[in-house]
Amino acid sequence: MKNFTLCSALLGIIILSSVGCDDNLTESVPNSIPGTISPKNVTVTTYAGTGDYGFLNGPRLQARFYYPMGLSAGADGSLYIADTQNQQVRKISPEGIVSTVNCHPDGGGTLSLQNLGGVVVSAEGILYIANANTIYKLLPSGRITVFAGGEEKGYEDGQGKLAKFNQPAGLALGSDGTLYVADELNHRIRKITPQGLVSTVAGSENGFEDGTALNAKFAFPTGITVGNDGTLFVADMGNHRIRKISSSGVVSTLAGSEQGFEDGTGGNAKFYHPHDLTTAPDGSLYIADSWNNSIRRISTEGVVSTIARDFSFPEGITFHDGHLFVSDYTHRIFQVDLE
């Protein structure tokens with residue numbers, strides 16, 4: 001079973017205690033969820049999964065997942081899912097068929113991904129996977145290699161396997177092929193060049209502080225996305241904030257303050273363990289506000305609004321072709337259509 005991160009472990013305890021051993025959450029989130037008004041009417045429907053945990057490939061509404069988390073959309077419209085408790089990466093084709101992404105190490109066999117974090121796919125179809133303390137690189141051929149990190153947890157910059165991570169979570173790709181990593185238990189944001197060189201972008205120790213890159217502090221960052229101008233945005237889960245990192249390396253708070261639920265501008269808004277976020281083509285951000293069971297939006301002017309509620313701990317979020325896709329703890333992937 002996957003060793004959950006701090007937030008995920010707490011979520012698992014809450015969910016299992018509330019639904020019992022059956023773990024069937026189909027009644028808590030129906031097939032169609034009423035959307036909220038602010039700022040736009042939305043329609044939320046089940047895109048994949050039955051609501052029962054398990055492992056089953058096939059047509060997307062008949063497939064089964066087991067705590068899906070990280071999401072990434074490919075250029076062809078395929079959706080990749082970190083299916084955490086099944087310890088596999090799953091794929092939903094544009095035709096709606098769910099399959100398992102086979103990972104074949106150089107030594108043969110199929111890699112078991114026992115501690116999955118984020119996934120992200122490049123325009124060329126290269127899939128990057130955060131698992132335990134390792135970042136894997138999966139080629140379209142199915143061959144998988146260690147891109148950076150290794151079995152031993154820790155904190156160290158360096159080339160490829162010489163670098164160390166501690167529970168890397170969210171992944172994001174820059175336009176130049178640089179891979180950005182929310183290194184959750186190191187409380188840092190790291191980057192990996194296309195050549196595999198790992199360095200620290202921002203962060204130092206667990207805490208909260210804005211400022212220059214290596215003086216800033218994060219608390220369990222779990223989500224990361226790249227803005228249209230190259231700015232990095234981070235779901236700083238433990239601080240209940242959305243942070244941003246400028247191209248010059250300055251960390252500031254875009255939105256959020258103390259734990260809570262409130263729309264508004266900047267520090268007047270409140271989140272509750274935001275877990276992941278994604279950038280829309282217009283530059284706005286969409287956030288899986290996990291413990292508020294909500295999807296939130298931050299406009300380019302910095303105004304936070306609520307898009308939809310009544311999820312069950314939404315964990316992963318990605319934007320593709322005018323749709324939002326959201327994974328949550330009912331073992332489903334939801335599609336959010338913005339009118």
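**Salt bridges**

A salt bridge with an N to O distance of 2.7 Å brings the side chains of Arg190 and Asp183 together; the term stands for a side-chain nitrogen of Lys or Arg within 4 Å of a carboxyl oxygen of Asp or Glu. Arg190 and Asp183 are both buried, that is, under 20% relative accessible area, where exposed is over 50% and partly exposed lies in between (1.4 Å probe, protein chains only). Salt bridges with shared partners connect Asp157, Asp183 and Arg190 in one network.

The model is predicted: local features need pLDDT of at least 70, side-chain atom pairs count only at pLDDT 80 or more, and totals for chains, interfaces and linings use all residues. Residues are numbered from 1 along each chain as its sequence is written, and side-chain values use heavy atoms, with hydrogens and water left out.

- The structure has twelve salt bridges.
- Side chains of opposite charge can pair when their charged atoms come close.
- One of the salt bridges joins the side chains of Arg90 and Asp83, at 2.7 Å from N to O.
- Arg90 and Asp83 are both buried.
- Another salt bridge links the side chains of Arg243 and Asp236, with 2.6 Å from N to O.
- Arg243 is buried, as is Asp236.

**Overall make-up**

- The protein contains one helix and 29 strands; helices (H or I, at least four residues) and strands (E, at least two) are DSSP runs, numbered from the N terminus.
- Of the 339 residues in the protein, 59% are buried.
- Among contacts with a separation of 6 or more, 47% are between residues 24 or more positions apart, a contact being heavy atoms within 4.5 Å.
- The protein has an accessible surface of about 13100 Å², and carbon and sulfur atoms account for 49% of this surface; accessible areas come from the Shrake-Rupley method with a 1.4 Å probe, and for residues only the protein chains shown count as cover.

- Strand β15 (residues 188-192) pairs with β16 in the antiparallel sense over four bridges; two strands pair if DSSP finds at least two bridges between them.
- Lys191 is opposite Ser199 in β16.
- β15 and β16 make a hairpin with four residues between them, and Gly196 in the turn has a positive phi of about 95°.
- Strand β16 (residues 197-202) is also joined to strand β12 (residues 158-159) by two bridges, and β12 and β16 run antiparallel.
- Gln159 has Leu197 in β16 as its bridge partner.

**The open sheet of five strands**

- Five strands make an open sheet with antiparallel pairing, in the order β22-β26-β25-β24-β23.
- β22 (264-265) and β23 (274-279) are the edge strands, each pairing on one side only.
- Two bridges pair β22 with strand β26 (residues 303-308) in the antiparallel sense.
- Thr265 is opposite Val303 in β26.
- In a regular strand the side chains alternate between the two faces of the sheet.

- Ser257 sits in the loop between β21 (250-256) and β22.
- Ser257 counts as buried because its relative accessibility is 17%.
- A polar atom of the Ser257 side chain lies 3.1 Å from the backbone oxygen of Gly267.
- Apart from neighbours within four places in sequence, Ser257 is in contact with Asn239, His240, Arg241, Gly267, Ala269 and Lys270.

**Aromatic pairs**

- The structure has ten aromatic pairs; rings of Phe, Tyr and Trp (its six-membered ring) pair if their centres lie within 6.5 Å, and planes under 30 degrees apart count as stacked, over 60 as edge-to-face and the rest as tilted.
- One of the pairs is Tyr47 with Phe325, which is edge-to-face at 4.9 Å centre to centre with 65° between the planes.
- Tyr47 is in strand β2 (residues 42-48) and Phe325 is in strand β28 (residues 323-328), so the pair ties together parts that are 278 residues apart in sequence.
- Tyr47 and Phe325 are both buried.
- The pair of Tyr66 and Tyr67 is tilted, because the ring centres are 5.4 Å apart and the planes are at 40°.
- Tyr66 and Tyr67 are both buried.
- A cluster linked by ring pairs takes in Tyr53, Tyr66, Tyr67, Tyr272, Trp291, Phe313 and Tyr329.

Note on methods: Polar contact = N/O pair within 3.5 Å; in protein donor to acceptor, adjacent residues only side chain to side chain.
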